[in-house]
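Please view the sequence and the model together before reading on.

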Amino acid sequence: MAVRDRLVERWIATQQRYHKKNLKRVYYLSLEFLIGRLLGTNMLNLGLMEQTKDAVEEVGLDIEELRECEADAGLGNGGLGRLAACFLDSMATLGIPAHGYGIRYEYGIFNQKIVNGQQVEFPDTWLSHDNPWEFARPEHASKVKFYGNTRMYHDEKGDLRVEWADTGDVLAMPYDIPIPGFRNDIVNTLRLWSAHSTEEFDLRYFNEGDYEQAVYDKVLTENISKVLYPSDNNNEGKELRLKQEYFFTAASIADIVRRFKSENTDLSAFPDKVAIQLNDTHPAIAIPELMRILIDKEKLGWDEAWRITVKTVAYTNHTIMPEALESWPVDMFGMMLPRHLQIIYEINLRFLREVAAKFPGDNDRLRSMSIIDEDGGRRIRMGNLAVIGSHSVNGVSELHSRLIQTNLFADFYRLFPKKFNNKTNGVTQRRWLQKANPDLSALITEAIGDAWISDLSRLKDLEAYKSDASFLKKWQDIKALNKKCLAHYIRRTTGVEIDPASLFDVQVKRIHEYKRQLLLALYVLAQYVRIKKDPKQAVVPRTFMFGGKAAPGYFMAKLVIKFINNICDVVNRDKDMRNRLKVIFLENYRVSLAEKVFPASDLSEQISTAGTEASGTGCMKFMLNGALTVGTYDGANIEIAEEVGRENIFLFGLKANEIEAMRISGYDPQLFIDRSPALKEVFDLIRSNFLSPVEFGLFDSIIGSLRHQDNFFVCADFDDYCGVQDDISIAYKDSAGWAKRSVVNVARSGKFSSDRTIWEYAKEIWNVPVEGGLYGKTKKR
């Protein structure tokens, strides 16, 4: 509360200044905001960390114990939500008038428990003791409509209009969370919407004795903001997901229009005062919703409404896999949002006329660019809608941006080449280095000053110390201390003793086949077999760590978790592996645990199939904390390699164009299995039920999938991966050389600050001024 008081003072002053100057605002719409705990970040950004520590100690308390009491706000599933949180921090630090919009999920990303090696999901009751950082704003509640029907009529001027009537309404209640910039007295706002029923209680049903029906509407309505990502394995789950997306988008658009009209009267100037950024396709429905408000409520003509919408909205794509782009059945969409379906049909009709005029007779092009997918059941392609209705479409790494231009949205790129651009992702150094790794931060500041906290490019000055023996010794001592802290946490939570002097080889991220946790797991088994063959051979001791959650309905990802945990049981109980090999699965991986893992890691596993990871930001957090990367030619790995040099990163595997060529020509994983003795031995071990002695055949589906499909080219990359891991073991033996490479990685991480990313968004997409740090100054790039 003491920290919050100081935050609120600055918050009020900031919002009053924005209002008084009528500044252009940026509105960042995201279904996820993985903000985690906020006390530490708020103390750092307000410059109150040392004062607060001292004050707390005076009354006999420990600030770290107090920070552990705070709930981990898990309002996201992984990189998408954490990126949004980093962006909010950077927007405030750079003085950009910005608001985040999302959902106040009553239950965030589930708490994961490992029971008999399997993931079991438990609800995340992060609001059980309320959230001290949020402020309810009932005066800005908004009604959101669903279902109903539309009717056409002529207004008093004789113009044709549409009314959306007989709807079921939901009340969107806003809760505001202050987001402070770094020591600049600027505090922006994250507004999260909670679903409330417009009718709390039906007395008629209650009086008739039907007590469940009396509160049915209330329960059904409040399900909308109940849980992050409901399972969409059934129609009810799909409908709830669509409701969530429209609910927060509609409430946000209404709020944005309200803000604009409180300070302006001319709607033609809307794009001059408003920039809306869509974080992936989840909020793409903002395009027809803004059109609905401009046409139906504000009575604008179609052409003017469309001009305003396109100039206001920008879209960030986060995937290059077509199957990962959202699409909705036309029948479901039309039943829930009948007016929006009409608007989408009209957008599509006008757009396809434009395409047909430029490419006459090209029906295949029309079919691929249409918002409506007519194959196998009519569906609305939200990715196509987002591209058509935005003035900017950006990818999140150089490779990803190139692939969406040449593959995913190639036809759109030929039509609108100037729309497409790249904005490589970044992370906030204030959370992921200054807060997460205070000892390393202090050493860096002692060496080069503290300007790096607001301008990460200043870390380049560390290169002067890469051969300084005294500095390297301090660097290594800090890493050793961080590893001991993580080892203590692992012993306390799992009972497993690990050697802090071993190489900490870490892969922590959402569990998904394309991220290839399976590749690392197979390598661990290959090492196990190798040691068992010759227990006396010299090996570099390693502790392999996995962490991450699988979507509750994702069978194969959950089986991979079981597979990894069975490997843990076998390896950690084998006396031959003592002081050589340990395997840990970090249960319930989350932001607060990540802050322990990144500072302690030696090796960062970024091994997704080339051409599948849009960017990845975990790689940047590892790099920022001095871990070296082993990675494929994918996502941000390529740009990390460009920054640090090939001698300071370990790259392996097929490139994206080689993968694509193999897909086209016909990929046979059995060919790679046959020529790899190590992989054959591992497969034989798994097939023998060595890992599942009382669950025969448990992992047969993993082997079958790799032998017959191997959609993510695990077998093709396996031997090359084993080879680069041998190089890593040799490199780790040279502790001074490894420390030098670690320093170089940190020194060259300046590009990967979210401050730089947001500076580029502000200047090249949003057209808003930037105030804070070096990025606030005009400079040649």
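The coordinates described here belong to a predicted model.

Helix 2 spans residues 39-46 and is mostly covered, with eight of its eight residues buried. The buried residues are Leu-39, Gly-40, Thr-41, Asn-42, Met-43, Leu-44, Asn-45 and Leu-46. Among the elements that cover them are helix 1 (2-21), helix 3 (49-58), helix 4 (63-69) and helix 5. Strand 9 (168-180) and helix 19 (429-435) are also included in this cover. After helix 2 comes Gly-47, which has a positive phi near 75°.

**Helix 5 and helix 33**

Helix 5 comprises residues 79-93 and helix 33 comprises residues 754-766; their axes come within 9 Å and cross at roughly 75°. Angles of 65 to 115 degrees count as roughly perpendicular, and the two helices are therefore roughly perpendicular to each other. On the side of helix 5, the contact is made by Cys-86, Phe-87, Ser-90 and Met-91. Helix 33 contributes Ser-754, Asp-755, Thr-757, Ile-758, Tyr-761 and Trp-766. Sorted by class, the contact between helix 5 and helix 33 has six nonpolar, three polar and one charged residues.

**Cysteines**

The structure holds zero disulfides. Cys-86, which takes part in the contact between helix 5 and helix 33, has its closest cysteine sulfur in Cys-619, 12 Å away and too far for a bond. A disulfide would require the two sulfur atoms to lie within 2.5 Å. Cys-485 is likewise in no disulfide, and its nearest cysteine sulfur, that of Cys-69, is 19 Å away.

**Accessibility of selected residues**

| Residue | Relative accessibility | Class |
|---|---|---|
| Cys-86 | 0% | buried |
| Cys-485 | 48% | partly exposed |
| Lys-483 | 3% | buried |

Because buried means under 20% relative accessible area, Lys-483 counts as buried at 3%. By contrast, Cys-485 counts as partly exposed at 48%.

**Lys-483**

Lys-483 lies in helix 21, which covers residues 469-494. Which residues does Lys-483 touch, not counting those up to four places away in sequence? They are Pro-500, Ala-501, Ser-502, Phe-504, Ala-600, Asp-602 and Tyr-732.

How values were computed
Residues are numbered from 1 along each chain as its sequence is written. This is a predicted model: local features need pLDDT of at least 70, side-chain atom pairs count only at pLDDT 80 or more; totals for chains, interfaces and linings use all residues. Side-chain values use heavy atoms; hydrogens and water are left out. Helices (H or I, at least four residues) and strands (E, at least two) are DSSP runs, numbered from the N terminus. Buried means under 20% relative accessible area, exposed over 50%, partly exposed in between (1.4 Å probe, protein chains only). Contact means heavy atoms within 4.5 Å. Axes are lines fitted to C-alpha atoms, for helices over the stretch in contact, and angles run from 0 to 180 degrees between N-to-C directions. Angles under 35 degrees count as roughly parallel, over 145 as roughly antiparallel, 65 to 115 as roughly perpendicular and the rest as oblique. Ala, Val, Leu, Ile, Met, Phe, Trp, Tyr, Cys and Pro count as nonpolar, Asp, Glu, Lys and Arg as charged, and the others, Gly among them, as polar.
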